[in-house]
Amino acid sequence: REQIYSPLYITHISLSLRKSFQLIRMATSKYHSLVEPSHIRALVQSWLHEDVPSMDYGGCVVGNKIETATLYAKSPGVLAGVPFFNAVFEVLELEVSWHDGIDDGFIFDDGVRFPIAIATITGPVRKILMGERVALNTLSRCSGIATRSHDLSTIAKQCRWKGKVAATRKTTPGFRLVEKYGVLVGGCDTHRMDLSSMIMLKDNHVWSTGSITQSVKDARSVGGFSLKIEVECRDIQEAMEACEAGADVVMLDNMDPEPFAEVCKEIKLKHPRVLVEGSGKLNEKTLALYCNEYADILSLSIMQNYSCVDFSLKVNRKK
């Protein structure tokens, strides 16, 4: 029996097993307009070309008769990636209809009876099957990232921390846009999107130029006033040098929670306008330990070590 759950309220979330998950409608549909449709279309065309580089033999078997297929959610998690899923079938000139209220940001409860019907695709069956795996792979991974992002952002909220949990640039080549989108839907910050978004000076930059001060000076000469400069630092001495050189953000890397809090406080007392970021040693078990009042950002590789959300697409059998 098909079940569709409308989002009526938000409940407290147990992060260990997410036992209290309910279907939740978060204000995320606004994110659809973030990504230029032509950019999504170009990505989708490259994915389809990779999957069908020459002949679609299975498609030849089923032909072009008009059929409908139902998209099912089969495991708990946050739905994310609707624009990319839609684009796969739009490129193939098919119609996608999502069930009432279903959109990016829904959380499927692990206590409900799966599978849950959430969308219908209509068109030539050959094209439905051609887009099936590309669309499911994209939706599954984007939703898995959004689920982890939501878990992490919820930990921070439960700590009443006012900073931002952010992703890193450890993304999959060719899939970054989808992964960063999932991070955003889940409630975390995307951090910089690419090398052109912000200037981040890490240890290799500093070692190559000779000092933090020189690195910041050189970065400012090319980045101008419009780009923030972030410097990776290992201790308070490096952090203070970065602040005095004019860095906008100081990243404290691989510190334990207690010294991290101490350095954050010292930086903020002397340089209150500098943003302080913590990175390294962060995961679901340790995040709360780093949520101190002087830290502005906590970043980790949200796009790694996540579990995909399970979806399936089934052509509806005629009765």
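**Briefing: helix packing and nonpolar cores**

α1 and α3 are roughly perpendicular to each other, because their axes cross at roughly 65° and angles of 65 to 115 degrees count as roughly perpendicular. The model is predicted.

**Packing of α1 against α3**

- The axes of α1 and α3 come within 9 Å, and α1 passes α3 in a right-handed crossing.
- On the α1 side, the residues that meet α3 are I40, R41, V44, Q45, W47 and L48.
- Their counterparts in α3 are P83, F84, A87, V88, E90 and V91.
- By class, nine nonpolar, one polar and two charged residues make up the contact of α1 with α3.

**Packing of α1 against α4**

- The axes of α1 and α4 lie 10 Å apart, at an angle of about 120°.
- The two helices are therefore oblique to each other, and the crossing of α1 and α4 is right-handed.
- W47, L48 and D51 of α1 make this contact with M130, G131, V134 and T138 of α4.
- Four nonpolar, two polar and one charged residue form the contact of α1 with α4.

**Burial of α3**

- Nine of the 10 residues of α3 are buried, so this helix is largely enclosed by the rest of the structure.
- The buried residues of α3 are V82, P83, F84, F85, N86, A87, V88, F89 and V91.
- E93, which follows α3, has a positive phi near 60°.

**Nonpolar cores**

- In soluble globular proteins, nonpolar side chains tend to be buried together.
- The largest nonpolar core holds 48 residues, of which L71, L79, W98, I118 and F311 touch the most other members.
- Elements giving two or more residues to this core are α1 (37-51), β1 (66-73), α3 (82-91), β4 (107-108), β5 (116-124), α4 (125-158), α5 (176-186) and β12 (311-315).
- α4 supplies the largest share of this core, with eight residues.
- Beyond its neighbours within four places in sequence, W98 is in contact with L71, L79, V82, F85, N86, I118, A119 and L139.
- A second, separate core has 42 residues, including V231, V274, L282 and L298.

**Contacts of Y306**

- Y306 is placed in the loop between β11 (297-299) and β12.
- Residues up to four places away in sequence aside, Y306 touches R141, G144, I145 and R148.
- Y306 and H99 are 207 residues apart along the chain, and their C-alpha atoms are separated by 27 Å.

**Backbone features in loops**

- The peptide bond from F114 to P115 is cis, with omega near 5°, and P115 is located in the loop between β4 and β5.
- H191, in the loop between α5 and β7 (199-201), is not a glycine but has a positive phi of about 60°.
- With a relative accessible area of 18%, H191 is buried, because the cut-off for burial is under 20%.
- N254, in the loop between β9 (249-253) and α9 (257-270), also has a positive phi of about 60° without being a glycine.
- At 45% relative accessibility, N254 counts as partly exposed.

Note on methods:
Residues numbered from 1 in each chain as written. Predicted model: local features only at pLDDT ≥ 70, side-chain atom pairs only at ≥ 80, totals over all residues. Heavy atoms only, no water. Core = buried A, V, L, I, M, F, W, Y, C linked by side-chain atoms within 4.5 Å. Buried < 20%, exposed > 50% of the residue type's maximum accessible area, 1.4 Å probe, protein only. Helix = DSSP H or I, 4+ residues; strand = E, 2+ residues; numbered from the N terminus. Contact = heavy atoms within 4.5 Å. Axes fitted to C-alpha atoms, helices over the stretch in contact; angles between N-to-C directions. Parallel < 35°, antiparallel > 145°, perpendicular 65-115°, else oblique. Left-handed = near helix turned anticlockwise from the far one by under 90°. Nonpolar A, V, L, I, M, F, W, Y, C, P; charged D, E, K, R; others polar.
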